[in-house]
Each structure stands twice: as structure tokens, then as C-alpha cells.
Amino acid sequence: MDLITNFFRGGVDCLGRYKYFIILVIAMLIVVVGGVVLTIRSQLGLESAGKQESQLVDKGLEKEPLPEFVITDSSGKEVNSSSFIGKPTVIMEWASWCPDCQAALPFMNELYDEYKDEVAFVFINATGTANGEETQEVASAYIEKEGYSFPYYYDVTLDAATKLGVEAIPTYLFVNAEGTIQKIASSEADKSTVESSLQELLQ
């Protein structure tokens with residue numbers, strides 16, 4: 001505070017005042033830019049969901065029809081969400097940089113292998129997140145490295161994340177054969193929790 005007072009009272013020379021002014025401007029820019037980045041990360045669902053208090057979170061879409069969105073499959077073909085209607089479906093929005101996703105994908109791959117004949121699994125990569133570092137190449141390389149067999153899609157424009165109200169990843173949606181969202185999970189849901197919700201779709 002004394003430095004700022006001296007600046008305006010002429011208590012330091014011109015060079016000193018210029019230096020303090022530059023420092024003040026830089027500090028203000030850091031605060032503003034930091035706030036903007038945190039806001040964007042929150043709005044686009046770039047935070048890990050591990051600190052959520054509840055494993056099953058009502059995000060406003062439960063018991064509502066699955067919104068229409070467009071994603072891209074691993075071959076580059078666009079796929080509309082309406083194509084999943086007609087079969088119980090589990091949707092997971094994930095990213096390779098997300099620790100909770102990394103922990104969940106192994107058991108999700110196991111569930112896919114076990115239930116793939118009865119349930120459609122839609123693994124949607126949050127492409128473009130992490131300041132653009134989550135590219136299609138990064139995501140596909142991660143899947144190949146880990147040896148996962150499930151089908152995956154790219155959310156290149158974050159259309160799915162936006163329409164589904166994804167605020168944190170991983171996010172799971174359990175959709176019945178009629179296309180109605182039955183449950184939404186967004187946390188450190190373990191295999192038993194996900195499998196229980198999955199089995200409810202088959203009842």
C-alpha cells in the first residue's frame with residue numbers, strides 16, 4: 001500500500017514509478033486471466049469429478065429424453081445420438097488426462113465385454129479439452145496403449161457435453177431402450193455402482 005501511495009505522491013523517481021506501474025498491471029492481468037480460465041474450465045466440464053459428494057447426481061435430465069447431439073466415431077463418421085435409441089445404452093464422457101477416467105476405464109471395458117450384446121456402450125471423448133491438448137490422436141493412442149476394446153467417439157465440438165450438461169468427467173448416463181435418461185452418475189462411481197445402474201436398464 002505504501003508503494004502505491006509513494007507512486008502517486010511522487011515519492012519515487014520516474015523509473016521507479018514506471019516499474020511499480022508495470023508490476024501492478026501484470027498482477028491485475030494474472031488475477032483476471034486466472035478467473036477467466038477457471039470459469040471456462042468449470043463451464044466446459046474440465047474438472048475431475050472425484051470430489052463430488054454423491055455418486056448419483058441429478059443434473060436435471062433424469063427422466064427426460066436423451067438430447068440430440070452429434071459425435072464422430074473412430075473412423076471419422078458423424079453419428080447422431082438418435083441412433084442409440086432402441087437399445088439400453090450407457091454413455092460415458094471421458095478424457096485421457098482425467099485421473100478418475102483413467103481409474104474407471106478398465107472396469108468399464110470389463111463391463112463392455114460382459115454386457116455388449118445386451119447394452120450399447122457409448123464412450124465419448126471430450127476432445128479439445130485441456131487447452132486443446134486432448135486431440136483425437138491423443139485419445140486414440142491412449143485407447144490403443146491400454147488395449148481397450150470398447151467403441152469410442154469424439155466430441156469434437158463438445159456438442160454432446162453441452163447438450164448433456166456435463167460439468168465434470170467422468171460422467172455416466174444410463175438410457176433405456178425408449179431413449180429416456182434413467183440415471184446420471186458423475187463421480188468416483190465404482191464398478192458395482194455402474195453395474196447396478198446398468199442392470200436396472202435390463203429389468
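Analyst: A residue counts as buried under 20% relative accessible area, exposed over 50% and partly exposed in between (1.4 Å probe, protein chains only). Here, Trp94 and Tyr142 are both buried. One caution: this is a predicted model, where local features need pLDDT of at least 70 and side-chain atom pairs count only at pLDDT 80 or more, while totals for chains, interfaces and linings use all residues. Residues are numbered from 1 along each chain as its sequence is written, and side-chain values use heavy atoms, with hydrogens and water left out.

User: What order do the strands of the open sheet have?

Analyst: Strands (DSSP E runs, at least two residues) and helices (H or I, at least four) are numbered from the N terminus; two strands pair if DSSP finds at least two bridges between them. In this model, 7 strands make an open sheet in the order 3-2-6-5-4-8-9, and the pairing is mixed. Strand 3 (78-80) and strand 9 are the edges, each pairing on one side only. Inside the sheet, strand 5 and strand 6 (residues 152-154) run parallel to each other, with 3 bridges. Take Ile124: its bridge partner in strand 6 is Tyr153.

User: Which residues have the most contacts inside the largest nonpolar core?

Analyst: Such a core is a set of buried Ala, Val, Leu, Ile, Met, Phe, Trp, Tyr and Cys residues joined through side-chain atoms within 4.5 Å. The largest one has 51 residues, and Ile71, Ile91, Trp94, Met108, Phe121, Phe123 and Tyr172 have the most contacts within it. Helix 3 is the top contributor, giving 8 residues. For a closer look, pick Ile91: beyond its neighbours within four places in sequence, it touches (heavy atoms within 4.5 Å) residues including Leu66, Phe69, Val122, Leu164 and Tyr172.

User: And helix 6: which of its residues are buried?

Analyst: In helix 6 (residues 191-201), they are Thr193, Val194, Glu195, Ser197, Leu198 and Leu201.

User: How many salt bridges does the model have?

Analyst: A salt bridge puts a side-chain nitrogen of Lys or Arg within 4 Å of a carboxyl oxygen of Asp or Glu. The count is 4. In one of them, Lys191 meets Glu110, with the closest N and O atoms 2.9 Å apart. Lys191 sits in helix 6 and Glu110 in helix 3, so the pair ties together parts 81 residues apart in sequence. Lys191 is partly exposed at 28% relative accessibility, and Glu110 is partly exposed at 43%.

User: Where in the chain do Lys183 and Glu200 sit?

Analyst: Those two also form a salt bridge, at 3.1 Å between the closest N and O atoms. Lys183 is in strand 9 and Glu200 in helix 6, 17 residues apart. Lys183 is partly exposed at 22%, as is Glu200 at 38%.
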